[in-house]
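The entries below follow the order in which I looked things up.

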Amino acid sequence: MSKFTHQKKIGAKRVAAGARPLHRSKLSTRTKFFATAGVSLAAGALSGTDLAFGQSSEEIIPFAYHAPQNALDDLKQRLAQTRWPEPETTNDWSEGVPLEKLRALVDYWRTDYDWRRREKALNRFPQFRTKLDGLSIHFIHVRSKHPNALAIILTHGWPSTMLLFRDVIEPLTDPTAYGGKAEDAFDVVVPSLPGFGFSEKPAERGWNAQRTARAWAILMQRLGYKRYVAQGGDWGAFVTTAMAQQRAPGLVAIHLNFPQVVPDRIPGKLTPDQQQAVEILNRFRDEGSGYLMMQSTRPQTIGYALTDSPIGQAAWIYDIFNAGTGNSGDPEKAISRDNILDEITLYWLTGTAASSARFYYEQRALQGKSNNSRRVDPPVGVSLFPHDLPAPRSWAKEVYPNLFYWHELDQGGHFASLEKPDLFVEELRTCFRKVRQTDHPEPIQ
């Protein structure tokens, strides 16, 4: 079973990361004792049980993950015993991941990939767990060494995890070490969505974007932030949007790299950019949304297949990495093979195929077939990357009346912070410079 280790090293890691003391964390006396002593606590399994030993409703518990070796050995054994299907009848990805591509990925996964490398890198970040609305939520929290840093909460989507932001946390928190200025510094909070990664799996209905947004607002309050911004793409964009719509206390502005602006009723007369957006959206629904329909309607059914078969889990996610980086047929040109396998392996080790898919099921019940999440009145900034679903600016003002930043880039896609981390960081720096001095940045025309 997976163990959660409260280590003596955590304090040193936080200092190395530019973190300030956890003066607001409410650690129990017993937890402090074990953390200081460096004792490994078996705090529970990733099965939906309470994973924080002795955790009260507002406690913030230091966290680190070490995969059991028998789980890694079992993975390699399963990969070696794969029963492969016949090849596709096409010469592209139109039927799904080509057999030759998946064989190459799996061969590397079995013989050369090193999860311990990723695990070690992940545990350099200060990580914690706390209960929010009855659910134990995992998050990374790195405070900048620079005074007056602006707090930001970054929310991932599917098939990502908090690893989506691995390459942008340090440039955001320590800008002077990465070509920025001290006044660009952020305190960074990266939670894992409910049922994703190291967050607890919901055992009841209702954990959609709106409920998650309310939980994130509590988290930021619990961490002591009275003024902050939020960012998200994919499901993270829906959560971030909901936070703005709910007027989360202290939230002054949001940034999206997956804005939803297409109206539910498409006008009869369209501008060229609107026409292109509608055509791409319809093509996605007709040819690329099989995973979406399955996870929105039968998350439990697909969960059996993906939880039992690492090949199935790999193919399911690898296909989306190809689509989200421009359907080139070679997603490794945009995201390294190791980074792709880090995400796949984390889903496998945590057994979160069904619980993450359930977010689609819950969001469908909440939103139905609506093309957007309705009007957002607080300030909104948008960065559009070319290999993502389009969002015409001509429709954006209807949804975002206080749109204060809009930039269309010529590189990157759905996983922008992994594909182009430097560009992603610069987008956040540029966007939020406008809100560092005022809660009411001037809307663009």
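**Helix packing around α13**

I began with α12 and α13, and found that α12 passes α13 in a right-handed crossing. The model is a predicted one. The two axes, of α12 and α13, approach within 10 Å and cross at roughly 135 degrees. Angles over 145 degrees would count as roughly antiparallel; α12 and α13 are therefore noted as oblique to each other.

I then listed the residues in contact. From α12 I noted Pro 310, Gln 313, Ala 314, Ile 317, Tyr 318 and Phe 321, which meet Ile 340, Glu 343, Ile 344, Tyr 347 and Trp 348 of α13. By class, the contact of α12 with α13 has 9 nonpolar residues, 1 polar and 1 charged.

Next I looked up α3 (residues 69–80) against α13 (residues 337–350): their axes come within 11 Å and cross at roughly 110 degrees. The crossing of α3 past α13 is right-handed. On the α3 side the contact is made by Ala 71, Leu 72, Asp 74, Leu 75 and Arg 78, and on the α13 side by Thr 345, Trp 348 and Leu 349. I sorted the residues of this α3 and α13 contact into 5 nonpolar, 1 polar and 2 charged.

**The loop between α12 and α13**

Which residue in this loop has a positive phi although it is not a glycine? I found Asn 327, with a phi of about 55 degrees, in the loop between α12 and α13. I note for context that most residues other than glycine have a negative phi.

I also searched for salt bridges, and the whole structure has 22. One entry joins the side chains of Glu 332 and Lys 101, at 3.7 Å from N to O. Glu 332 sits in the loop between α12 (310–324) and α13, whereas Lys 101 belongs to helix α4 (residues 99–111); the pair is 231 residues apart and links distant parts of the chain.

**α8 against α14**

For helix α8 (residues 235–245) and helix α14 (residues 353–367), I recorded axes that come within 12 Å and cross at roughly 45 degrees. α8 and α14 are therefore oblique to each other. Here α8 passes α14 in a left-handed crossing. Trp 235, Phe 238 and Val 239 of α8 make the contact with Phe 359, Tyr 360, Gln 363 and Gln 367 of α14. I counted 5 nonpolar and 2 polar residues in the contact of α8 with α14, and no charged ones.

**The sheet**

I traced an open sheet of 9 strands with mixed pairing, in the order β3-β5-β6-β8-β7-β9-β10-β11-β12. β3 (60–63) and β12 (403–408) are the edge strands; each has a single partner strand, so one side of each has no neighbour in the sheet. On average, neighbouring strands of this sheet are turned by 25 degrees against each other, direction ignored.

**A peptide bond to note**

Is the peptide bond from Trp 158 to Pro 159 cis or trans? I found it to be cis, with omega near 5 degrees. Pro 159 is located in the loop between β7 (150–155) and α6 (169–173).

Note on methods:
Residues are numbered from 1 along each chain as its sequence is written. This is a predicted model: local features need pLDDT of at least 70, side-chain atom pairs count only at pLDDT 80 or more; totals for chains, interfaces and linings use all residues. Side-chain values use heavy atoms; hydrogens and water are left out. Axes are lines fitted to C-alpha atoms, for helices over the stretch in contact, and angles run from 0 to 180 degrees between N-to-C directions. Helices (H or I, at least four residues) and strands (E, at least two) are DSSP runs, numbered from the N terminus. A crossing is left-handed if the near helix is turned anticlockwise from the far one by less than a right angle, and right-handed if clockwise. Contact means heavy atoms within 4.5 Å. Ala, Val, Leu, Ile, Met, Phe, Trp, Tyr, Cys and Pro count as nonpolar, Asp, Glu, Lys and Arg as charged, and the others, Gly among them, as polar. Two strands pair if DSSP finds at least two bridges between them. A salt bridge is a side-chain nitrogen of Lys or Arg within 4 Å of a carboxyl oxygen of Asp or Glu. Angles under 35 degrees count as roughly parallel, over 145 as roughly antiparallel, 65 to 115 as roughly perpendicular and the rest as oblique.
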